[in-house]
Amino acid sequence: MKKFTGLVSALALTVGFASASFAETSMGIVVKIGGIPWFNAMEDGIKRRADELGVEAEMIGPVSADPALQVQAIEDLIAKGVDVIGVVPNDEAALEPVLKKARDAGIVVISHEGPGLENVDWNFELASADGFGEAHAQLLSDKVSESGKYAVYVGSLTVPLHNAWADAAIAWMEENRPDLEIVGDRYGVAENVDDSRSTALDLIAANPDLKGFLAFGSQGPIGAGRAVEERRKTGDIHVMGPFSPGQGRKMIHSGVLTGGYMWNPAQAGEVFVTLGNMLANGETVEAGADIPGLGVVQPDVEARDIITDNLLEINKDTVDELAEKGL
């Protein structure tokens with residue numbers, strides 16, 4: 001009996017060591033806001049890649065685009081003891097202290113749409129900020145031949161990447177289309193359909209020579225498009241920006257939305273998991289590495305940025321195919 005007990009103990013010890021050595025990576029990814037199509041698609045990508053790699057990954061989407069809610073979600077993940085924290089920031093400055101706390105605790109931190117964040121291991125982008133903003137500005141310029149005004153939306157005035165896109169777009173317009181004047185500076189409404197719509201209605205009423213909206217934030221084009229449709233301005237006022245094709249496909253086909261550019265948010269979700277698992281297991285990101293979802297990378301080691309070009313154009317020819325992919 002003693003011999004049997006010893007055997008069981010030895011087996012239990014062996015199993016314990018085996019379990020420890022094969023413990024799966026755990027990660028939590030905090031996005032700007034939950035329940036909207038863009039981040040629903042990202043969550044699908046996170047789950048799919050986590051299943052493929054056999055890791056534990058969850059997405060946390062706050063009920064509103066409030067930086068304090070992101071901070072609390074990250075605090076909860078630190079307390080939980082995850083291996084990796086990912087974030088799509090609403091406010092870089094508000095997140096720096098809690099991300100530092102995570103890294104001090106030995107947690108790998110990865111951001112997306114956060115090129116200015118300091119307390120991260122890596123930030124990744126599927127499009128350059130300048131290229132993305134300029135592409136939308138050129139699309140507006142191509143559609144509007146006469147002089148007039150245009151408005152710019154961002155998710156909020158603290159969302160880093162949206163404002164970088166807006167900066168690039170406005171600079172391009174000032175240089176190439178000085179006959180098109182920006183209304184105000186920019187409006188932080190593009191994470192909410194209703195706010196985007198009501199702001200657009202006000203701007204249309206106050207500016208009879210309004211020619212377009214550059215809406216950076218996935219709900220901005222949808223809300224502005226609804227306002228244009230309500231005011232029977234389809235074809236007179238052009239709306240463009242990144243949005244979920246499944247949400248905007250009818251508006252593209254009706255001409256209410258002109259189009260825009262995007263990357264695949266599901267692909268970004270997959271990259272979070274791939275990159276997080278790599279780093280948690282001690283792998284490094286080096287020039288020339290071929291990372292699934294990103295391709296061959298040339299990382300900026302000093303800035304800790306990985307920037308690739310994975311832009312997709314949204315127009316009448318592409319929107320149905322993109323929507324059918326679940327985007």
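A cavity here is a set of grid points where a 1.4 Å probe fits but cannot get out. This is a predicted model, and the count comes to one cavity of 30 Å³ or more. The volume of the largest cavity is about 100 Å³.

So who sits around that space? The residues lining the largest cavity are Lys32, Ile36, Trp38, Phe39, Glu113, His162, Trp165, Glu191, Gly217, Ser218, Pro242 and Trp263. Two elements each give two or more residues to this lining: α2 (37-53) and α6 (160-176). Sorted by class, the lining of the largest cavity has six nonpolar residues, plus three polar and three charged ones.

## Two helices side by side

Now over to a pair of helices. Two packed helices are described by the angle between their axes and the distance between the axes. For helix α7 (residues 193-206) and helix α8 (residues 220-230), the angle is about 45° and the axes are 7 Å apart. Angles from 65 to 115 degrees would count as roughly perpendicular and those under 35 as roughly parallel; α7 and α8 are therefore oblique to each other. Their crossing is right-handed.

On the α7 side, the contact is made by Val193, Ser196, Arg197, Ala200, Leu201 and Ile204. Helix α8 brings Gly220, Ile222, Gly223, Ala224, Arg226, Ala227, Val228 and Glu230 to the contact. Taken together, the residues of the contact of α7 with α8 are eight nonpolar, three polar and three charged.

How values were computed: Residues numbered from 1 in each chain as written. Predicted model: local features only at pLDDT ≥ 70, side-chain atom pairs only at ≥ 80, totals over all residues. Heavy atoms only, no water. Axes fitted to C-alpha atoms, helices over the stretch in contact; angles between N-to-C directions. Helix = DSSP H or I, 4+ residues; strand = E, 2+ residues; numbered from the N terminus. Parallel < 35°, antiparallel > 145°, perpendicular 65-115°, else oblique. Left-handed = near helix turned anticlockwise from the far one by under 90°. Contact = heavy atoms within 4.5 Å. Nonpolar A, V, L, I, M, F, W, Y, C, P; charged D, E, K, R; others polar. 1 Å grid on protein atoms, 1.4 Å probe; cavity = no way out; pocket = protein on both sides within 12 Å on 5 of 7 lines; lining within 4 Å. Points joined across faces, edges and corners; volume = space filled by probe spheres on them.
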